[in-house]
Every structure is written in structure tokens, then in C-alpha cells.
Amino acid sequence: MNEGRAVKHSLFALFKIGIGPSSSHNMGPMRAALRFVRELESTGLTFKTASIQVDLYGSLALTGHGHGTDRAILLGLSGQTPEGINPAEIEARLSVIRAAKKLELHGRHSIAFDEAKHLIFHRDQMYPVANVVSHPNGVRFSALDKDGHLLFERIFFSIGGGFILSEEERAAAEAIQSPLNNHAGKVPYPFHSAHELLEKAVAANIAIPQLMFANECALATDGALREFHCRLKNKFVEASCTSGKQCASAPSAA
């Protein structure tokens, strides 16, 4: 695993169930919307909420309609998950929300939601906080009471692969990138650069795919994932060896 960035997820965590077409513009915003309503509920403010305003920035604003970001937001606010919703029900759910201009917040509390007023695409602004460079896939959720007063607000970033970070998490991750977030001790072959990756592979007499696979296995803390990795190991090693080259056995994932 490349330890030059604050990487916390295995490659295998990228394989998710979603409704498409884009993990960054669809799955991520949907997860962010759901996380927002769950955090709102944890504060006890759900039933005081009369409306929610969602502000999309950067890439989410510029290409969001084409990638279904608007649809994802409505579904997430309604309590749906990318992996849990029945694709056959999506259009019907969206039609009900849009016709009534209301949605059931987390499926429990009815609020006003008129897309023209409450889902704003800021195509002229890159980041949620103006002039502060953060991430191009930014979204701000604001819960308002019946008088239009702000009750609760959160900013999230869809960082790719369906993963999301809150503004606080993004800032913390940025802060620990220097010094580097070090995975040494967690993976058998930590590296900072392509040059160091090549050196480690040559020193261990293994191919790059073998090296990366060994690192991924070491990061797999989930028992089922670890078992899955080990079952694949022999076939993966065979496929990674180049023709005519004697490849060393892959390091154990146990």
C-alpha cells in the first residue's frame, strides 16, 4: 500500500453495490445525504426540521445532473442506501417526492423539499467555503426550522469510490499527510514512490502485483475478506508471474 497519502481502505473496499452511473457523483452524495440525516437525528433535531437546503459545488454542481447527483440526494435524505434500494422502485420514489415537493426525512418525518429552492447547483463556485481550497466534490447540507433559522449544518466531500469525508475529517486527513501517514508495521512492503516500489519488489524477488496483493491482505482486518484474499492467492500469484520468469511464492496473508 502506498503510504504517501492518508490511505485507510483496502483496494477490495472499492468494490461496492451502487445504482450508478458514478461512484463520486452518485454513490458518495447518496451516502453523504444519509449520513447527514442520521447525524441530524442523533442531535434530536429531526422533528424540529421544516426543510433542508442542499448546496452542491465544483464538479458535483457542474456535472451532477448528468450523473444523477440530484436523484442520489433525494434518495439519501429519504433514508435509502446505494446497496439497499430496489432499482425498480427508484423512479416511483423520485416521482412521489417531486410531485408532492416533500420527502420523508429518513423515512420518518415529512419536510418541504422543492428542488428548485432546496437543491442548489453552484456552478460558479468550486468549494463549499469560498476561496478555501478543499475538494471539488463538495456538498453542504443545512437543516432549517419553520422560521427558516439554521438548526444544523454539515459539509461533506465525495472523494471517489463511494467514500465520503466530512469537512472535519478532510482537514484532519490533510493535516496528517505531513509527516506521512505511515503504514510501516502494518504492511510487509511499505513504499513512498514508484522507485521504492520497484526496489522492494526486486529485493523480495516478487512481481509488483504480488507485492501489492500481500500489502492488501495485511490491511484486511475483516475475517471474511481475509479468507477471500487467501482463497484467491494461488491463482493470483500464477497470473501475476511473467512468462519464463521464476516467481517467488507470495508472502502469506495469514
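The model is predicted, and it contains 3 aromatic pairs. Four phenylalanines, namely Phe-36, Phe-141, Phe-152 and Phe-156, make up one aromatic cluster.

**Aromatic pairing**

- A pair of aromatic rings is described by the distance of the centres and the angle of the planes.
- For Phe-141 and Phe-156 the ring centres are 6.1 Å apart and the planes stand at 65°, so this pair is edge-to-face, given that the centres must lie within 6.5 Å and that planes over 60 degrees apart fall in that class.
- The pair joins distant parts of the chain, with Phe-141 in strand β5 (residues 138-144) and Phe-156 in strand β6 (residues 150-160), a separation of 15 residues.
- Phe-141 has a relative accessible area of 0% and is therefore buried, and Phe-156, with a relative accessibility of 0%, is likewise counted as buried, the cut-off being under 20%.

**Helix α8**

- Helix α8 (residues 208-219) has 12 residues and, at 1.5 Å a residue, should span 16 Å, which agrees with the 17 Å found between its end C-alpha atoms.
- The buried residues of α8 are Gln-210, Leu-211, Phe-213, Ala-214, Asn-215, Glu-216, Cys-217 and Leu-219.

- Lys-101, a residue other than glycine, has a positive phi near 55°, and its place is in the loop between α4 (90-100) and β2 (102-105).
- The relative accessibility of Lys-101 is 44%, so this residue counts as partly exposed.
- Asn-205 is not a glycine either, yet its phi is positive at about 55°, and Asn-205 sits in the loop between α7 (194-204) and α8.
- With a relative accessibility of 41%, Asn-205 counts as partly exposed, because that class runs between the limits of 20% and 50%.

**Surroundings of Tyr-57**

- Tyr-57 belongs to strand β1 (residues 51-57) and is buried, with a relative accessible area of 4%.
- When residues up to four places away in sequence are left out, Tyr-57 touches His-122, Gln-125, Met-126, Tyr-127, Pro-128, Pro-136, Gly-138 and Arg-140.
- Although Tyr-57 and Phe-157 are 100 residues apart in sequence, their C-alpha atoms are 9.8 Å apart in space.

Definitions and conventions: Residues are numbered from 1 along each chain as its sequence is written. This is a predicted model: local features need pLDDT of at least 70, side-chain atom pairs count only at pLDDT 80 or more; totals for chains, interfaces and linings use all residues. Side-chain values use heavy atoms; hydrogens and water are left out. Rings of Phe, Tyr and Trp (its six-membered ring) pair if their centres lie within 6.5 Å; planes under 30 degrees apart count as stacked, over 60 as edge-to-face and the rest as tilted. Helices (H or I, at least four residues) and strands (E, at least two) are DSSP runs, numbered from the N terminus. Buried means under 20% relative accessible area, exposed over 50%, partly exposed in between (1.4 Å probe, protein chains only). The expected span of a helix is 1.5 Å times one less than its number of residues. Contact means heavy atoms within 4.5 Å.
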